[in-house]
Amino acid sequence: MTQSKVGRPWLWVAALVAVALALPLISSPFALDIFIRVLLFAFIGVAWNLMGGYAKQLSLGHAAFFGLGAYTSTILLIRFGISPWIGMLAGGVVAMLASLPIGALCFRLRGPYFAIATIATAQVLMLLFLKFRDFAWGAEGTTLPNLGDAPLMMQFDSKSAYYYVALALLALGLAITYSIEHSWMGFYLVAVGEDEDAAEAVGVDTTKIKRHIYLISAFLTALAGTFYVEYIYFIDPNTVFSFNISVEAALVSIVGGIGTLWGPVVGTVLLEATSALLQSWFGSGHGGVQLTVYSLILIAVILWRPNGLIGLFSDLYERLALSGSSRAKEAPLDG
Amino acid sequence: MLATLAQAVVNGLLIGGVYALVSIGVTLIFGVVKIVNFAQGEFLMIGMYISFFLASSFGIDPLLSLLISMPCLFAVGVLVQHFLIRRVLALGDMPQIFLTFALSLLLINLALLLFTANYRTVQTPYSELTIHIGPLYFAVAKLIAFAIAMLLSGLLWLFLHGTDLGKAMRAAAQNREVAMLMGINPDRVFCVAVGVALALAGAAGSLLMPFYPAYPLVGQIFVLMAFVAVVLGTLGNITGALIASLMMGIAESLGVQFVGADSGLIVVFVMLLLTLALRPNGLFGGWAR
């Protein structure tokens with residue numbers, strides 16, 4: 001990206017971190033709830049982006065890993081009393097294991113057929129969990145036990161604690177993306193994403209690299225699943241394996257800018273802000289408003305800004321940094 | 001037992017005819033334009049709502065409204081190709097996949113906003129009618145749907161093999177560059193291909209209306225069936241898609257009959273995954289991407 005050439009990006013990141021850390025101190029519980037959603041979906045987007053953005057393997061089945069993470073930790077918690085912190089890692093490992101056969105099946109497919117196959121795997125998992133009544137509560141799902149303020153069990157009295165956990169997850173996702181982006185793996189991934197056959201021809205083991213990034217992406221997505229059910233105290237297959245989760249993971253990345261570090265974050269902030277505005281205008285009674293607007297945004301981005309909206313911001317940033325205060329007023333007009 | 005089996009096969013075959021109309025549309029667009037249309041099921045949904053409103057407002061029989069839904073959706077197809085799909089043809093996988101995907105999301109949620117999630121049904125004199133031949137029952141509405149679906153498939157075959165435009169379309173499907181060198185205007189051919197494909201989906205919607213409820217998500221199951229059938233029948237192969245759709249209909253019906261009422265979807269997904277794992281190039285030929 002162009003942003004590294006001008007200004008001091010680290011200063012901006014530091015400012016962003018400071019704002020993010022201070023937000024719970026000044027927000028209402030309602031606003032905090034929205035911020036937690038933003039952080040969570042940005043994190044899922046970041047996890048998806050490793051796979052879909054850098055390696056361009058356009059998965060529409062990441063709900064599979066989200067659901068596995070959620071179910072693993074919940075089963076460990078309720079059946080064995082194991083802390084969700086451990087359950088979270090266990091869920092990540094289960095998701096990694098699940099990604100191996102799914103990858104083996106789907107990786108020989110390209111483009112749209114990869115996407116369709118991933119939809120099918122997530123749906124099959126959902127249907128299976130709907131059937132497993134004995135150890136996974138079937139279609140009714142279950143509520144999670146409320147243990148009061150028990151930080152060791154990932155349960156907190158104050159919303160801001162959840163906020164910081166979500167923030168830590170997002171920071172982890174961004175740190176992993178950053179380090180992958182700047183390693184040999186990042187270059188291999190981009191090569192696979194640009195042209196798989198060409199990458200293979202110059203000696204990249206494309207299947208292996210796709211398998212590796214799928215493992216990481218699945219692991220991170222599962223962490224989000226555990227956090228989500230711990231936050232809403234409820235689990236059922238239709239929620240945690242929901243197709244909407246797979247869609248939103250892809251959507252925030254595409255709107256923000258796939259294959260960029262901050263793309264999913266920018267995309268989530270924009271979409272969730274839109275969603276909050278729509279709710280305040282229309283109320284939450286009108287089913288379909290939110291996704292109608294999301295899909296219009298998605299179509300507009302694909303037709304006019306296929307690299308995502310993050311480009312708008314880096315242009316703007318560059319202009320601001322170069323032109324100083326006198327011309328800064330014009331810049332938003334171009335945005 | 002044998003009669004139950006035969007009855008399940010008949011039921012599956014009849015609904016398979018409707019699946020075929022959707023699959024043929026998907027495979028036609030894929031073959032000619034090289035795009036997977038994720039929104040094909042939603043055009044079936046639009047066809048259903050057109051027939052529903054014509055029936056409930058003007059008392060027009062759904063089978064008659066075929067003559068309205070098909071041209072309407074042909075026009076929609078031309079517009080979709082011209083204003084949307086054409087603009088992403090030169091771009092990569094992401095825009096090509098997510099454009100029609102976004103369109104699908106948009107149409108579902110618009111339908112939800114405009115028509116709510118309620119099931120809409122149309123009662124026709126033949127909705128409940130059955131005829132029996134020997135031990136087998138044939139639901140008349142499904143029988144008509146199957147017959148018209150086969151007729152439309154036959155007409156499409158004649159169009160592709162007997163007219164200049166149809167031949168141009170097949171040429172463009174085989175080799176876009178060479179077809180262009182021969183003086184075929186790809187934009188026009190693509191518009192017609194997408195238009196015809198959507199008209200078929202619209203026809204499927206109208207044919208379903210006498211015996212199937214319309215609701216915003218109704219297209220999803222049909223499009224998934226179509227994807228499986230299209231992979232099974234080899235991408236871009238119209239006869240393959242037709243045969244595979246009939247097979248899918250039978251497989252689903254047997255699943256419902258012998259495994260359980262809610263297993264239809266699982267059968268579809270398992271068949272899709274098995275097909276992808278075992279025969280990623282489909283059953284009817286080696287044409288692969």
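Modeller: Let us start with the largest nonpolar core, which has 201 residues. The residues with the most contacts inside this core are Phe43(A), Ala166(A), Leu21(B), Ala193(B) and Val228(B). This is a predicted model, where local features need pLDDT of at least 70, side-chain atom pairs count only at pLDDT 80 or more, and totals for chains, interfaces and linings use all residues. Residues are numbered from 1 along each chain as its sequence is written, while chains are lettered from A and ligands numbered from 1 in the order in which they are written.

Biologist: What makes a set of residues a nonpolar core?

Modeller: The set must consist of buried Ala, Val, Leu, Ile, Met, Phe, Trp, Tyr and Cys residues joined through C-beta atoms within 7 Å. Buried means that 20 or more other C-beta atoms lie within 10 Å of a residue's own; with 12 or fewer the residue is exposed, and in between it is partly exposed, with C-beta atoms placed from the backbone. In this core, the largest share, 16 residues, comes from helix α8 (residues 186-208) of chain B.

Biologist: Which residues does Ala193(B) touch?

Modeller: Leaving out residues up to four places away in sequence, Ala193(B) touches Leu28(B), Ile29(B), Val32(B), Val33(B) and Met169(B). A contact here means that the C-beta atoms, placed from the backbone, lie within 7 Å.

Biologist: How do you know whether the span of α12(A) agrees with a helix?

Modeller: Helices are DSSP runs of H or I with at least four residues, strands are runs of E with at least two, and both are numbered from the N terminus. The expected span is 1.5 Å times one less than the number of residues. For the 14 residues of α12(A), residues 243-256, that gives 20 Å, and the end C-alpha atoms are 20 Å apart, so the two agree. Twelve of those 14 residues are buried, which makes α12(A) mostly covered. Just after this helix, Gly257(A) takes a positive phi of about 140 degrees.

Biologist: What about α3(A), with its 18 residues?

Modeller: Helix α3(A), residues 63-80, should span 26 Å, and its end C-alpha atoms are 25 Å apart, which agrees. This helix is mostly covered too, with 14 of its 18 residues buried. Gly81(A) follows α3(A) and has a positive phi, near 65 degrees.

Biologist: What makes the radius of gyration of chain B agree with a compact globule?

Modeller: The radius is taken over C-alpha atoms, and the globule rule is 2.2 Å times the number of residues to the power 0.38. For 289 residues the rule gives a value near 19 Å, and chain B has 19 Å, so the two agree. Buried residues make up 53% of chain B.

Biologist: How many residues of chain B are in contact with chain A?

Modeller: There are 30 of them, in contact with 31 residues of chain A. The largest share of that side of chain B, 14 residues, comes from α4(B).

Biologist: What is the average pLDDT of chain A?

Modeller: The average is 86, and 93% of the residues score at least 70. pLDDT is the predictor's confidence in each residue, from 0 to 100.

Conventions. Two residues are in contact if their C-beta atoms, placed from the backbone, lie within 7 Å.
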